[in-house]
Amino acid sequence: MDVLKNGKGICMSDFDLVIIEDNEAHAFLLKKTLAQVYPSVAVFDTAFGFFEQYQPPRATVVISDYLLPGMSGRDLLKKVKSGGLPVEILIASSDENLKSAVDFMREGAHFYFVKPIDTRSEERR
């Protein structure tokens, strides 16, 4: 899998779904799972890389890690919401704290889930 360092060498207008994840193993697992449903999935290792390439409205769903280098998932969410961008943010975190999940949802996240995701049941089908 190619994790795009800061999104270099791609055109965002080609993608429907974006993953922002600095852990290559987590990014690989998410992309592999989602590629079964979505025709193209772009992966960035930073939120800055996503914003360098973002062209509305094609990339409408972003799954973002909470803890990212430079710009956190919370900062990403704030930037999207304050800019009125047509993007839905789903936050992925290893933090199982219910308060964190509720806070993100109140701030405008569309969904909050705990990673890593276990896809073994999907692989058995």
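The charged end of arginine 74 sits over the ring of phenylalanine 104, 4.1 Å from its centre. A charge counts as over a ring if NZ of Lys or CZ of Arg is within 6 Å of the ring centre and within 35 degrees of the ring normal. Lysine 79 places its charged end over the ring of phenylalanine 51, at 4.3 Å from the centre.

The model is predicted: local features need pLDDT of at least 70, side-chain atom pairs count only at pLDDT 80 or more, and totals for chains, interfaces and linings use all residues. Residues are numbered from 1 along each chain as its sequence is written, and side-chain values use heavy atoms, with hydrogens and water left out.

**Aromatic pairs**

There are 6 aromatic pairs in the structure. Rings of Phe, Tyr and Trp (its six-membered ring) pair if their centres lie within 6.5 Å; planes under 30 degrees apart count as stacked, over 60 as edge-to-face and the rest as tilted. Two of the pairs are tabulated.

| Pair | Centre to centre | Angle of planes | Class |
|---|---|---|---|
| Phe44 and Phe50 | 6.3 Å | 75° | edge-to-face |
| Phe50 and Tyr54 | 5.2 Å | 45° | tilted |

Phe44 has a relative accessible area of 0%, and Phe50 also has 0%. Both Phe50 and Tyr54 are buried, where buried means under 20% relative accessible area, exposed over 50% and partly exposed in between (1.4 Å probe, protein chains only). Ring pairs join Phe44, Phe50, Phe51 and Tyr54 in a cluster.

Helices (H or I, at least four residues) and strands (E, at least two) are DSSP runs, numbered from the N terminus. Five strands form an open sheet in the order 2-1-3-4-5, with parallel pairing; two strands pair if DSSP finds at least two bridges between them. Strand 2 and strand 5 (111-114) are at the edges with a single partner strand each, so one side of each has no neighbour in the sheet. From one strand to the next, the twist averages 20°. Strand 3 (residues 61-65) pairs with strand 4 over 5 bridges in the parallel sense, and isoleucine 63 stands opposite leucine 90 in strand 4.

Helix 1 (residues 24-34) packs on the sheet and touches strand 1, strand 2, strand 3 and strand 5. Contact means heavy atoms within 4.5 Å.

**Nonpolar cores**

A nonpolar core is a set of buried Ala, Val, Leu, Ile, Met, Phe, Trp, Tyr and Cys residues joined through side-chain atoms within 4.5 Å. The largest has 21 residues, and Val18, Ile20, Phe50, Val62, Leu76 and Ile89 have the most contacts inside it. Elements giving two or more residues to this core include helix 2 (47-53) and helix 3 (73-82). Another core, of 11 residues, lies apart from it, with Ala27, Val41, Ile63 and Ala92 among its members.

How values were computed: Axes are lines fitted to C-alpha atoms, for helices over the stretch in contact, and angles run from 0 to 180 degrees between N-to-C directions.
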